[in-house]
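Good morning, and thank you for joining this group meeting. I would ask you to look at the structure now shown and to follow along as I describe a few of its parts.

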Amino acid sequence: MQKTERAGPRGLVIGGTRSGCGKTSVALGLMRALSRRGLAVQAMKAGPDFIDPGHHALATGRPGHNLDDWMCGAKGMRAVFERYAAGADVVVVEGVMGLFDGFSATDEAGSTARLAKLLGLPVLLVADAASMARSAAALVGGYLAFDPDLPFCGVVLNNAGSESHAALLREALAAALPATRLWGVLPRRPELATPSRHLGLLTAEDDIDALTRLDRLADWLEAALDLPALLDTLPPFPPVGGSGGDDPPRRVQGGALAGSGAAPQPPEASYSPRIGVARDRAFCFYYAENLRLLEAAGAGLVPFSPLAEGSLPEGLDGLYLGGGYPELHAGRLAENAAMRRAVRDFCLSGRPVLAECGGFMYLMESVADGEGREHPMAGVFPLRAAMGERFAALGYREVTTREATLLGPAGTVVRGHEFHYSRLVGGSGAVPAVYAMTGRKGVIDVAEGFLAGRTLGSYVHLHFGSNPEAARQFVAACRERAGEEA
């Protein structure tokens with residue numbers, strides 16, 4: 001298709017009336033349609049989700065990134081936006097949950113609405129209009145009026161059951177909200193939805209029909225929306241530097257300001273420690289900003305596959321085992337005894353290892369899958385995990401270390417997110433738990449942040465953007481250990 005020329009970068013936020021209203025389908029369809037027109041589209045995801053950015057990358061050909069003002073602070077979140085929006089023609093930010101849902105029920109922290117206001121981007125509201133007519137106007141009107149400071153660029157209605165239903169919806173909005181731009185009414189197409197499983201959408205790595213579905217989503221959207229006209233309504237996004245609207249700075253261990261967005265300065269030491277990063281279909285949940293901050297602190301990141309490889313890469317000084325779906329691949333992980341032994345020996349060697357959620361499960365004695373079958377794992381921690389039918393924990397977390405770890409000295413504060421279906425069975429025994437943890441309702445009195453030598457394991461996915469010093473401390477710990485062995 002012919003490229004749609006733009007005079008300066010534009011941006012918008014795709015917000016929804018609720019989870020499941022079609023927000024992701026509209027966002028992916030828009031990203032793909034604009035990319036097919038030759039535009040450089042930078043996709044971003046509001047909130048802590050790991051999976052959507054992978055689909056965004058397929059749709060646009062550019063890596064997707066997370067924007068989260070609660071974990072990273074307003075400045076840190078804007079810094080991520082500015083870094084990756086540079087060079088794009090259009091930035092499309094997919095929201096999270098309902099437009100005004102976030103960290104709590106009483107304020108806007110962590111919500112799509114707050115993110116849009118902090119970035120100065122207008123919201124394209126997606127509303128599920130199934131089985132509605134005039135009521136759709138009431139629903140949309142409520143969202144548009146709820147926060148007078150939130151800018152909107154229009155509305156898309158989803159799930160029209162027929163063309164006559166679509167005509168009723170257009171008539172209802174034109175009569176009740178004449179000043180609101182209704183960009184289109186999308187017909188119900190359930191077969192276009194990306195397949196889901198526990199923890200969210202099927203990952204881009206596992207969705208073999210993803211590219212075909214993306215093109216069909218783009219066709220679906222282009223048939224109902226005038227994309228050039230929509231782009232013409234978007235003003236160039238404003239500069240995102242400065243401190244206006246930022247959270248009050250919160251000083252944490254090591255002199256860093258949580259949410260400052262400042263990357264750690266490259267170390268003076270000439271040695272660049274090598275950190276192995278588990279990357280395959282079982283371990284694929286990483287914040288891109290975490291990896292960038294580790295590299296900015298001087299680390300060389302070396303990917304490896306616990307599923308497919310029989311040994312660790314040579315010359316590693318540390319390991320980072322992220323989350324993912326080890327429970328879906330537990331049989332193959334268990335069969336790869338050589339890699340399990342290699343990882344266990346590495347941990348026992350005293351070199352620094354950070355293991356989060358799925359990576360933490362991999363370091364336990366065993367994991368019981370959804371059918372109750374128990375599979376041996378690396379055995380670094382004398383713990384066992386078993387899958388449940390519902391999530392065992394969900395929500396934002398702030399952790400404070402009770403003693404020194406690879407993240408820094410005691411008192412280090414890092415924010416993150418927790419979401420998993422597995423539970424520890426048989427208790428945590430005598431394994432030291434070094435995290436003091438809080439969530440939306442205050443103190444969470446559970447054992448977390450388990451320490452075995454210099455291996456730190458936890459169900460919490462930490463975001464180093466909340467405290468970039470933690471990334472530098474991790475790299476420094478790897479460099480120090482390498483020096484001890486030299």
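**Strand β1 and its neighbours**

Let us begin with a pair of strands: β1 and β5, the latter formed by residues 123-128, run in the parallel sense and are joined over four bridges. Please keep in mind that this is a predicted model. Within that pairing, Val13 has Val123 of β5 as its bridge partner. Strand β1 also pairs with β4 (residues 90-94), again in the parallel sense, here over five bridges.

Is β1 buried or exposed? Seven of the seven residues of this strand, residues 10-16, are buried, so β1 is largely enclosed by the rest of the structure. In a regular strand, the side chains alternate between the two faces of the sheet. For β1, both faces are covered: one side carries Arg10, Leu12, Ile14 and Gly16, the other carries Gly11, Val13 and Gly15, and all of these are buried.

Six strands form it, in the order β14-β12-β15-β17-β27-β26, and the pairing is mixed. At the edges lie β14 (300-304) and β26 (450-452), each of which pairs on one side only. From one strand to the next, the twist averages 20°. Inside this sheet, β15 (residues 318-321) and β17 (residues 353-356) pair in the parallel sense over three bridges. One example is Tyr320, whose bridge partner in β17 is Leu354. Helix α11, residues 337-348, packs on the sheet and touches β14, β15, β17 and β27 (455-458). The direction of α11 makes about 125° with that of β15.

We now move to two helices. Two packed helices are described by the angle between their axes and the distance between the axes. The axes of α2 (residues 52-60) and α7 (residues 210-224) come within 10 Å and cross at roughly 70°. These two helices are therefore roughly perpendicular to each other. Which residues make the contact? From α2 they are His55, Leu58 and Ala59, and from α7 they are Ala210, Leu211 and Leu214. Of the contact residues, five are nonpolar, one is polar and none is charged.

The side chain of Ser422 makes a polar contact with the side chain of Tyr459, at 2.6 Å.

Thank you for your attention.

Conventions
Residues numbered from 1 in each chain as written. Predicted model: local features only at pLDDT ≥ 70, side-chain atom pairs only at ≥ 80, totals over all residues. Heavy atoms only, no water. Pairing = 2+ DSSP bridges. Axes fitted to C-alpha atoms, helices over the stretch in contact; angles between N-to-C directions. Contact = heavy atoms within 4.5 Å. Parallel < 35°, antiparallel > 145°, perpendicular 65-115°, else oblique. Nonpolar A, V, L, I, M, F, W, Y, C, P; charged D, E, K, R; others polar. Polar contact = N/O pair within 3.5 Å; in protein donor to acceptor, adjacent residues only side chain to side chain. Buried < 20%, exposed > 50% of the residue type's maximum accessible area, 1.4 Å probe, protein only.
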